[in-house]
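Let's walk through this one together, piece by piece. Have the sequence and the 3D view open as you read.

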Amino acid sequence: MAGINRTFRWLQAQRAKDEPELYDYDATYSDPPAGTRFVTLAEAQSLECNMCGQCCGSHDADTADIRDYTFGGIRKNQWANLNGGEPLIIPLTATGKPRAWREKDEDVDTAPPFICAALGHVEDGTTRCAIWQTKRPPPCDTFPVKEQRYPRDLAKGAYILLNTKYQRLCTWVDMLLCPEDSVFLQWRKSDGTLPNRLTSKQRAYVREVFAEAYRDAYPADDQMMSLSDWRKVRRTEAQWREPANA
Ligand code: SF4
Ligand code: SF4
């Protein structure tokens, strides 16, 4: 799977050419974005962060727009204990101006856009975290491939779309984690994407799985699929699975 990696420069070039497809994705009507990579957790975890910094703030560095992306709930002390007593994770107004912490910032459902005081920018367009070598808030350690539930859920048959929709320059953008026995791992090309030559039935199944994984990653009403629901969806796969000794 040497081709699975996408470099920072490659992603920047793509971004200049294309609309970010997952922004436009609709789980009822859309096909999965063409560049989606289908990978195992081990493959995803073997890739390296390219230091684009897009998970470390809500500003879009190119357009200065505020992306629809938050840190999650910001606790009252704003992790000042990790930043010499000064607030580390700072809420922003809707127009991108730093503001004081409010109680509803702590709630993940009403969390505001943010900047992080530890994020430094480098001339080549990448970023550096000033406190990475010491201690970071917990979300910094788990995004995007180290959520504790991932190994457990994959082992039970779930597919997992990584939560990188708002990080178009992220190493892990548009990446679907597959259980080890997934037929997608048989069908995929060396860069992790799926070939065009799939049958219409196979394509319909890819579409169904991707839509369910998208709904899990971006639940409209907090309703994620249960693991038993995933088992039902995956019954279809048996017809394509190669015997273990094939
Ligand atoms: S603490 Fe470091 S890794 Fe976490 S958001 Fe800030 S800059 Fe990013
Ligand atoms: S968005 Fe992805 S590649 Fe960019 S800094 Fe965060 S983890 Fe690394």
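Two strands count as paired if DSSP finds at least two bridges between them. The helices (H or I, at least four residues) and strands (E, at least two) are DSSP runs, numbered from the N terminus. Before we use those labels, some housekeeping: this is a predicted model, where local features need pLDDT of at least 70 and side-chain atom pairs count only at pLDDT 80 or more, while totals for chains, interfaces and linings use all residues. Residues are numbered from 1 along each chain as its sequence is written, chains are lettered from A and ligands numbered from 1 in the order in which they are written, and side-chain values use heavy atoms, with hydrogens and water left out.

Now for the sheet. It is an open one of 3 strands in the order E1-E7-E6, and the pairing is mixed. Strand E1 (37-39) and strand E6 (160-161) sit at the edges with a single partner strand each, so one side of each has no neighbour in the sheet. E1 and strand E7 (residues 175-177) run parallel and are joined by 3 bridges. If you look along E7, you'll find Met 175 opposite Arg 37.

Next, the interior. A nonpolar core here is a set of buried Ala, Val, Leu, Ile, Met, Phe, Trp, Tyr and Cys residues joined through side-chain atoms within 4.5 Å. Buried means under 20% relative accessible area, exposed over 50%, and partly exposed in between (1.4 Å probe, protein chains only). The largest such core has 41 residues, and Leu 161, Leu 176 and Phe 184 have the most contacts inside it. Strand E3 (114-116), helix H6 (184-187), helix H7 (200-217) and helix H8 (227-234) each give it two or more residues. H7 supplies the largest share, 8 residues. The core also draws at least three residues from each of domain 1 (2-49 + 143-239) and domain 2 (80-139), with the bounds taken from an automatic or database domain assignment. There is a second, separate core of 19 residues, and Met 175 turns up in it, along with Ile 4, Leu 11 and Val 39.

Who does Phe 184 touch? Contact means heavy atoms within 4.5 Å, and setting aside residues up to four places away in sequence, the partners of Phe 184 include Phe 38, Tyr 159, Leu 176 and Tyr 205.

Tyr 159 is also one of the contacts of Pro 179, as are Gly 157 and Leu 185. Pro 179 lies in the loop between E7 and H6 and is buried, with a relative accessible area of 1%. Pro 179 and Gly 157 are 22 residues apart in sequence but 5.7 Å apart in space, C-alpha to C-alpha.

Most residues other than glycine have a negative phi, and most peptide bonds are trans. Met 51, though, has a positive phi of about 65 degrees, and Gln 78 has one near 50 degrees. Gln 78 is in the loop between H3 and E2 and is buried at 10% relative accessible area, whereas Met 51 is partly exposed at 38%. The peptide bond from Phe 143 to Pro 144 is cis, with omega near -5 degrees.

Last stop: ligand 1. The residues around ligand 1 (a heavy atom within 4 Å) include Cys 56, Cys 116, Trp 132 and Cys 140.
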